[in-house]
Amino acid sequence: MTPELIATSPVLVELADGIRRIVAEELEVPLDELTDSADFVDEYDADSLSLITVVARIEKELGVAVPRDRFEDMSNLDGVFAVVAEHAGREPAGD
């Protein structure tokens, strides 16, 4: 999801800000050092547990159910933004 697209919707701006905050906190990376395309594992030394925690917090704090089969698409902020935007406002589905 491009910054231009995010900027067109207050809901997406709020989601993107929440995602950035959660990722920064869980990966222990300063907000100003996060980039949209940097791989969480390669660039920020994330492990599978921290990535699961990121998704769990997104679900709890932002109210977006993320299907487990989409985790592999969430390796950087761009991927997380895309998956969350795609599933925002949908009812949770059985996994």
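Helices here are DSSP runs of H or I with at least four residues, strands are runs of E with at least two, and both are numbered from the N terminus. The structure is a predicted model, in which local features need pLDDT of at least 70 and side-chain atom pairs count only at pLDDT 80 or more, while totals for chains, interfaces and linings use all residues. Residues are numbered from 1 along each chain as its sequence is written, and side-chain values use heavy atoms, with hydrogens and water left out.

Helix H2 itself covers residues 10–27. Its 18 residues reach 26 Å from the first C-alpha to the last, close to the expected 26 Å; that expected span is 1.5 Å times one less than the number of residues. Several H2 residues are buried, including Leu12, Leu15, Ile19, Ile22, Val23 and Leu27. Buried means under 20% relative accessible area, exposed means over 50%, and partly exposed lies in between, with a 1.4 Å probe and protein chains only.

Stepping back to the whole chain, the secondary structure comes to five helices and zero strands, in the order α-α-α-α-α from the N terminus. Of the 95 residues, 37% count as buried. The chain exposes about 5700 Å², and carbon and sulfur atoms supply 51% of that area; the areas come from the Shrake-Rupley method with a 1.4 Å probe, and for residues only the protein chains shown count as cover. Among contacts (heavy atoms within 4.5 Å) between residues at least 6 apart in sequence, 53% join residues at least 24 apart.

A nonpolar core is a set of buried Ala, Val, Leu, Ile, Met, Phe, Trp, Tyr and Cys residues joined through side-chain atoms within 4.5 Å. The largest one has 25 residues, and those with the most contacts inside it are Ile19, Val23, Phe40 and Ile58. The elements giving two or more residues to this core are H2, H3 (40–44), H4 and H5 (77–87), and H2 gives the most, with eight residues. Leaving aside neighbours within four places in sequence, Phe40 is in contact with Val23 and Leu27, and also with Leu51, Met74, Leu77 and Val80, among others.

The whole structure holds nine salt bridges, each a side-chain nitrogen of Lys or Arg within 4 Å of a carboxyl oxygen of Asp or Glu. One of them joins Arg57 and Glu26, at 2.8 Å from N to O. Arg57 lies in H4 (residues 48–62) and Glu26 in H2, so this pair ties together parts that are 31 residues apart in sequence. Arg57 is buried, at 17% relative accessible area, whereas Glu26 is partly exposed, at 24%.

Two further pairs can be found in the model. Arg68 forms a salt bridge with Glu59, the closest N and O atoms being 3.0 Å apart; Arg68 is partly exposed at 41%, and Glu59 is partly exposed at 24%. In the pair of Arg70 and Asp73, the closest N and O atoms are 2.6 Å apart. Arg70 is buried at 18%, while Asp73 is partly exposed at 34%. Finally, salt bridges that share partners join Arg21, Glu25, Glu26, Arg57 and Glu61 into one network.
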